[in-house]
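Here are some notes to read alongside the model, written for someone opening it for the first time. Take them in order and keep the view at hand.

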Amino acid sequence: MKSFYLSTPYQPPTPPYPLPIKAPWALLGGISPQQFMQQYWHKKPLLVRGAIPAFELAKAAGEPLDSPISAADLVMLASQPDSECRLIQSKPWKMASGPFSRKSIPAISKANWTLLLQGADTLHPAAKTVLSWFRFIPDVRLDDLMISLAGPGGGVGPHVDSYDVFLIQMSGRRHWKISTQTDLSLKPNLPLKILAQFEPTEDWVLEPGDMLYLPPHVAHEGVSLDAGCQTWSVGFRAASYRELLQEGLWRLAESLEALPALDQRYQDPRQAATDQPDTLPSELVNQLRTHVKGLKLDSIDTMLPGIASYLSEPKPHAFFSSPDQTLSAKAFAQYLKRNPLHLNPQTRLMRLNNAIFCNGENQTEGESLAVKLCWNVLSERHSLPPLGEENSAYLGDIAAGNNSLYDAYCSGWLLIAGKNEESL
């Protein structure tokens, strides 16, 4: 599926590396990411006027900007076979899941409808760039960027989210209302989770370039005021402790296959005669306790590799395909000397100490220093700059093949510019 289109009318700026987390950011209303996390994150809402200064500057110059992704492109993306999207209509409330034919999506001038396009960061470079602005928050928390396209009056009703969200206005205006209410009961028999009672305490109209941050469980409602209104939502994920521990334990159990000592069969030469044959023998319990102590199964550190593996897994609907013309390992290494390497937008990375996990697999275990260094840079920057002549000594290990970096390229997890981006 072709998924990358040219951004119009402007390309969002690429964030610097490393991010200046102690400096004031316009995106956060003139405070630093460090201050934002201390004062607002998970605590209270924040309204930022002119969070993206380009909109305000262009308007003052008499050349107002529109969203980097046109309404027509969003409709086209929603019609792709692998699209994850929903079409919501109010008066009365209706919801349908996509993908949709282009004709089934109302004209932007029509009232009371909203198209929600999930995972836009995997479909368009502008959305991916905007999501990268928020990497002052750990990758493990970042989920995706959802785009809402709506006609006048469009919205999803008053509701609450169980996660943090940044709501960026990219086209048209949206009227937001929020409430600190504790009554979160829902209207019955509706396809959406809409609050039965909504009593707003604050409200604002957001113009293009404005942003509203909401922590979890703040009741809110946003209603489009204009045709083609676009709101970009940076959403976050928060797995339950049960989910994290279950996944960690499950992967830990799988890892026991690699321990030859556990292949030995239970032996009990010191077992005494018993008059309670139905009772689990203490000899068995004691021997198991010894093995468990040796494996350190009572320590969270033992489960962390499994948890990191789980958190680096791509979304269930993610699809990867090999390049149409796969380079040989030698040609791949030569390519890296002068050209960058990029992540597939659906690829996820996670670092645990010195290990880098990619799409659920440890990519650095048993690898050469050259391969480990490449994975470290990819994890930090989500791209690998050209290695240059000065790093030619590292290329031999990559050119030999049989390494995780080349395997990830062959699997479509890593992309070389202009080669396999079109096949996503």
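How many helices and strands does the secondary structure of the chain come to? There are 11 helices and 17 strands; helices (H or I, at least four residues) and strands (E, at least two) are DSSP runs, numbered from the N terminus.

1. First, the ground rules. This is a predicted model, where local features need pLDDT of at least 70, side-chain atom pairs count only at pLDDT 80 or more, and totals for chains, interfaces and linings use all residues. Residues are numbered from 1 along each chain as its sequence is written, and side-chain values use heavy atoms, with hydrogens and water left out.

2. Overall picture. Along the principal axes, the C-alpha atoms fill a box of roughly 85 × 65 × 45 Å. The chain has 424 residues, and 44% of them are buried. Buried here means under 20% relative accessible area, exposed means over 50%, and partly exposed is in between (1.4 Å probe, protein chains only).

3. β9 pairs with strand β1 (residues 46-48) in the antiparallel sense over three bridges, and Val 48 has Met 211 as its bridge partner. β9 also runs antiparallel to β6, with four bridges joining them; there, Leu 167 is partnered by Leu 212. Two strands count as paired if DSSP finds at least two bridges between them.

4. Now the sheet β13-β14-β15. Its three strands come in that order, the sheet is open, and the pairing is antiparallel.

5. Salt bridges next. The structure holds 13 of them, each being a side-chain nitrogen of Lys or Arg within 4 Å of a carboxyl oxygen of Asp or Glu. Take Arg 173 and Asp 226, whose side chains meet at 2.9 Å, N to O. This pair links distant parts of the chain, 53 residues apart: Arg 173 is in the loop between β6 (165-171) and β7 (174-179), and Asp 226 is in the loop between β10 (219-224) and β11 (229-236). Arg 173 is partly exposed at 29% relative accessible area, and Asp 226 is partly exposed at 21%.

6. Two further pairs deserve a look. Lys 337 and Glu 389 form a salt bridge at 3.8 Å, N to O. Lys 337 belongs to helix α8 (residues 329-338), and Glu 389 to the loop between β16 (383-384) and α10 (392-399), 52 residues apart. Lys 337 is buried, at 11% relative accessible area. Glu 380 and Arg 351 form another, with their closest N and O atoms 3.6 Å apart. Glu 380 is in helix α9 (residues 369-381) and Arg 351 in strand β13 (residues 349-352), so the pair ties together parts 29 residues apart in sequence. Glu 380 is partly exposed at 35%, and Arg 351 is partly exposed at 34%.

7. Salt bridges link Asp 143, Asp 144, Lys 315 and Arg 348.

8. What about the surface? Tyr 241, Leu 245, Leu 249 and Ile 300 form a nonpolar patch there, with about 430 Å² of accessible area together. Patches are made of residues with over 30% relative accessible area and no salt bridge, like charges being joined within 9 Å and nonpolar side chains (Val, Leu, Ile, Met, Phe, Trp, Tyr) within 5 Å; areas come from the Shrake-Rupley method with a 1.4 Å probe, and for residues only the protein chains shown count as cover. Helix α5 (residues 241-255) gives the most to the patch, three residues. Leu 249 is in α5 and counts as partly exposed, at 45% relative accessibility.
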